[in-house]
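Visitor: Please take me through one part of this model in detail. I would like to look at the place where the two chains meet.

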Amino acid sequence: MSNPTIQPRFHHGIAVHHHVGALHLSVDLNLTAPWTVLFGPSGSGKSSILRAACGLLSKRDISFTRTDLRLGSIEPLQNATLYTPPHRRGIRLAPQNPSLFPHLTVRQNIAFAHKAQPGPGSPGEQDHREELIANAITLFRLTPLLDRRPADLSGGERQRVSMARAFAAPHCRLMLLDEPFTGIDRTLRDELLPNLRHGLLARGIPAISVTHSVEEAFQLQAEVVLIRDGKVEDQGDVSQVLARERERLLENVNSLR
Amino acid sequence: MDSTSILLTLRLAATTTAILLAFATPLAWWIANGRSVTRRIAQAAVALPLVLPPTVLGLYLLVGLGPLTSLGRAIIRIIGHPLAFTFTGLVMGSVLFSLPFAVQPLVAGFSAVDRNLIDTARVLGASPLTVFRRIIAPLSRAAFLASAVLTFTHTVGEFGVVLMLGGDIPGVTRTLSIALYDQVQEANYAAANRAALWLVGLSFLALLLLYARSSPYQESDLV
């Protein structure tokens with residue numbers, strides 16, 4: 001069921017080599033699709049890969065550290081002598097837990113990144129920032145919720161605000177989404193997904209998401225990376241990777257008989 | 001009723017509170033953000049005035065700031081007189097004695113801020129200072145209020161350190177609690193009663209402010 005639409009080629013990726021507790025993450029992703037989906041069982045290290053890319057793994061929790069970002073050239077983000085802090089990486093994350101700022105309204109949450117960063121240098125930059133916020137509000141259909149506080153939102157609404165907030169952040173070089181559509185009903189998800197994909201493509205931003213939904217991967221025409229025990233087990237077109245995974249599962253079942 | 005003592009007490013409490021809030025905020029943030037031995041030692045040192053008799057601290061300050069120590073001699077060289085028995089000396093003693101009352105609520109408040117909110121703000125491009133200003137400080141409003149109120153009320157009611165370090169100089173170091181003690185010594189119970197009522201009133205009002213303005217954000221909102 002792969003979509004034959006020709007998609008633009010990206011050349012991006014992340015390399016993450018860390019010991020996180022008992023898990024040894026060793027992942028070197030060379031990606032060419034605009035959207036990549038990380039699949040894998042719980043505890044395989046998918047979320048840790050995203051957190052490492054953002055620089056959020058605490059120094060206390062990790063040893064043997066190396067994180068590189070590949071956007072054209074290779075840019076070291078973290079190693080024995082270097083640590084680029086999260087706010088200087090230009091990597092945005094919509095986390096699994098929406099983590100909305102409870103003292104701010106939905107509108108203020110979405111505009112947070114603009115307020116948090118140095119003011120726009122030119123009127124053009126200011127217009128661009130306002131356009132990003134307006135686009136995020138429209139894309140995630142948040143107009144009726146703008147003046148509400150997070151405590152007054154449902155789980156799915158919080159998830160949408162979290163994605164809109166990451167989407168609206170300026171100077172984004174890579175978008176990471178950790179199970180972004182959890183709690184959002186299927187119909188709405190089917191409407192939001194293509195718009196989000198299109199919105200990121202229009203800005204030339206590649207995306208990597210973690211999901212357990214096969215449907216989502218197909219809908220995004222994503223490149224799929226299968227992660228197991230902190231390593232890449234398989235990588236490629238969604239239909240091929242999932243077909244191989246199905247064969248593996250069947251072999252396992254047959255061997256048990 | 002000695003209005004000078006009331007004004008002096010309020011001035012001492014306000015000055016101590018202002019100095020301590022400025023000093024305790026970065027200290028509490030540092031203590032709340034790590035588990036190192038150095039931080040635990042600092043936390044224990046900060047809490048020391050809670051368990052020490054105030055007269056012990058007063059004695060150390062009196063001797064330490066006097067001409068018998070090199071620090072005391074340096075201070076005398078710079079300002080021309082010892083710090084003991086002056087308002088500045090009193091402020092210094094109050095700051096040290098009320099330190100745990102300023103730091104502990106802030107450490108508790110900062111520690112209660114959800115780490116995920118801080119991480120999310122950083123990933124959205126906020127520098128550590130911006131994260132503190134826009135996320136941690138507004139979410140710790142109740143802690144700041146508690147810190148200010150406890151420091152203020154504790155300074156208002158201070159006795160041991162004030163007596164040891166400040167002596168009992170009218171208009172300079174005679175605070176309400178010292179005035180109350182003097183009046184009891186002189187068997188002037190009516191005046192003592194008025195001073196006591198002032199202390200009860202000030203303390204009650206400060207605590208009422210603390211409890212009336214509880215945080216509008218419940219922990220369950222921090223999602």
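**The interface of chain B and chain A**

Guide: Chain B and chain A bury about 2300 Å² between them, and 63% of that area lies on carbon and sulfur atoms. Bear in mind that this is a predicted model. The contact draws 28 residues from chain A and 22 residues from chain B.

Start with charge. The rule finds 1 salt bridge across the interface of chain B and chain A. Its partners are Arg51(A) and Asp119(B). Their closest N and O atoms are 3.1 Å apart, inside the 4 Å cut-off for a salt bridge. Polar contacts come next. Across the interface, 6 residue pairs are in polar contact, with both residues at pLDDT 80 or more.

Now take the side of chain B that touches chain A. Two helices of chain B, α6 (115-123) and α7 (128-139), each supply at least two residues there. The most comes from α6(B), which gives 7 residues. By class, this side of chain B has 12 nonpolar, 5 polar and 5 charged residues.

One more feature, this time within chain A, is a hairpin. Strands β9 (residues 223-228) and β10 (residues 231-237) of chain A run antiparallel and are joined by 6 bridges. Val225(A) has Gln235(A) as its bridge partner in β10(A). Between the strands of this hairpin sit 2 residues. Asp229(A) takes a positive phi near 50° in the hairpin.

Methods: Residues are numbered from 1 along each chain as its sequence is written. Chains are lettered from A and ligands numbered from 1 in the order in which they are written. This is a predicted model: local features need pLDDT of at least 70, side-chain atom pairs count only at pLDDT 80 or more; totals for chains, interfaces and linings use all residues. Side-chain values use heavy atoms; hydrogens and water are left out. Two strands pair if DSSP finds at least two bridges between them. Helices (H or I, at least four residues) and strands (E, at least two) are DSSP runs, numbered from the N terminus. Contact means heavy atoms within 4.5 Å. Buried area is the accessible area (1.4 Å probe) that two parts lose on being put together, summed over both. A salt bridge is a side-chain nitrogen of Lys or Arg within 4 Å of a carboxyl oxygen of Asp or Glu. A polar contact is a pair of N or O atoms within 3.5 Å; within protein, one must be able to donate a hydrogen and the other to accept it, and residues adjacent in sequence count only if both atoms are side-chain atoms. Ala, Val, Leu, Ile, Met, Phe, Trp, Tyr, Cys and Pro count as nonpolar, Asp, Glu, Lys and Arg as charged, and the others, Gly among them, as polar.
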